[in-house]
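Me: I would like to learn how to read salt bridges in a model. Could you walk me through them?

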Amino acid sequence: MATFYPDSGIDEYLRERLMPVEGAIPHLPGIEMYGDSIPAGKVGGDLFEYINFQQRYDIDARIERALKRSKEFLKPHLLGAPDWNSVDDQVEWLKSRQDYRVEMEGAYRESRSLDQVRVAEDLKDLFSTAGVLVVDAQGHGVIAAKIASTVHDTFHALMLSKLDRYGKTAPELFENINLRLAHSVTARNALGRSGKEEAREIATMLYGEVRSSGHFRFVNFGHPPPLVFSAQRNTFAEIDRGRMVQFFPLGLEIPEDHPDRKRYVSMHFRQGPADYSDIADIALINPGDILFLYTDGVYDGGDEQGRRNLEELIRDHRSLSAKEICGVVMEYAVGNDRQLRGRGESDCVDDKTVFIIKRSDTED
């Protein structure tokens with residue numbers, strides 16, 4: 001029998017799920033980071049999460065497993081032996097083919113063995129890498145929080161798969177999340193649809209990884225682009241937007257070469273899936289450089305006056321820690337909400353998230 005939760009219980013449950021704790025903040029040499037999120041109501045559709053690879057995953061154990069597999073894949077399976085792996089299974093299939101040649105087994109085993117060696121090498125990079133996931137689901141309240149929670153859960157399930165396969169994140173992870181929020185033609189039609197049932201589960205998403213070197217590599221699905229405050233110039237740096245690919249929000253656009261493209265509703269078909277060339281790279285070169293991530297409840301990414309206000313705010317507080325700068329910007333955003341409510345425009349108040357990554361003066 002299903003358990004019934006009162007609305008307040010659901011609100012609290014989703015709020016706790018979508019809010020990380022300070023204990024999860026990754027600590028990288030030369031990098032500070034801190035984020036905060038405030039819903040417009042009891043719960044909202046904004047989500048941000050620190051991806052602390054060292055804390056969330058046992059990287060050493062994964063490296064050990066990959067190296068063990070690389071050795072196991074080279075060994076021919078003995079007749080009657082109980083152990084059986086995916087390479088053994090593939091070799092048996094090769095042997096069943098008329099075009100099988102003896103040298104095929106050795107070549108295949110060596111290739112799969114080297115795959116695992118590379119996985120082990122890529123996993124080592126996670127010791128000096130931290131991720132950040134920022135999601136902004138359309139709307140407010142429980143429904144928006146449910147959408148954000150769906151993105152969160154799908155992301156982490158797919159991350160496990162990609163770490164096993166590649167030892168790192170891969171572009172197809174994000175395409176699979178995109179497909180998860182797309183409208184299924186067959187399933188939705190089976191339920192029936194009226195003119196009032198055109199609401200879609202839409203969310204923007206930005207996922208990025210920062211390294212101790214100060215490089216921030218990210219993929220963007222409909223999210224406002226990051227801002228970079230240059231400590232040397234004391235202003236927001238101009239970023240070549242042409243090098244920062246921005247896809248449609250999650251669920252709106254399917255690649256034209258996706259095998260299931262006809263099973264989903266798409267505004268139009270994208271020429272191809274996301275690949276490594278679509279991952280943008282921003283460098284925090286000098287100590288004091290600040291990367292500013294946000295949702296449109298703080299800044300919509302296009303208002304010039306809003307940009308100038310934020311630039312001045314960060315300039316005046318640039319010497320503070322990432323946590324303190326985050327607090328200052330969030331207080332500014334909350335102050336704007338108070339003005340909206342004072343003018344009777346409470347419906348314009350949105351969920352808000354601020355995330356600050358700062359290149360620190362030291363590498364302690």
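**Reading the salt bridges**

Reply: Happy to! Asp99 is partly exposed, with 38% relative accessible area, where partly exposed lies between buried (under 20%) and exposed (over 50%), using a 1.4 Å probe and protein chains only. Before we go on, this is a predicted model, in which local features need pLDDT of at least 70, side-chain atom pairs count only at pLDDT 80 or more, and totals for chains, interfaces and linings use all residues. Residues are numbered from 1 along each chain as its sequence is written, and side-chain values use heavy atoms, leaving out hydrogens and water.

Me: Which side chain does Asp99 meet in a salt bridge?

Reply: The general idea is that side chains of opposite charge can pair when their charged atoms come close. A salt bridge here is a side-chain nitrogen of Lys or Arg within 4 Å of a carboxyl oxygen of Asp or Glu. Asp99 pairs with Arg97, at 3.0 Å from N to O. Arg97 is also partly exposed, at 37% relative accessible area.

Me: How many salt bridges does a search of the whole structure find?

Reply: It finds 19. Among them, Arg101 meets Glu103 at 3.0 Å, N to O; Arg101 is partly exposed at 45%, and Glu103 is partly exposed at 49%. Another joins Arg338 to Glu331, with the closest N and O atoms 2.9 Å apart, and Glu331 is partly exposed at 45%.

Me: Which residues are linked in a network of salt bridges?

Reply: Look at Asp88, Glu92, Lys95, Glu105 and Arg109: salt bridges link them in a network.
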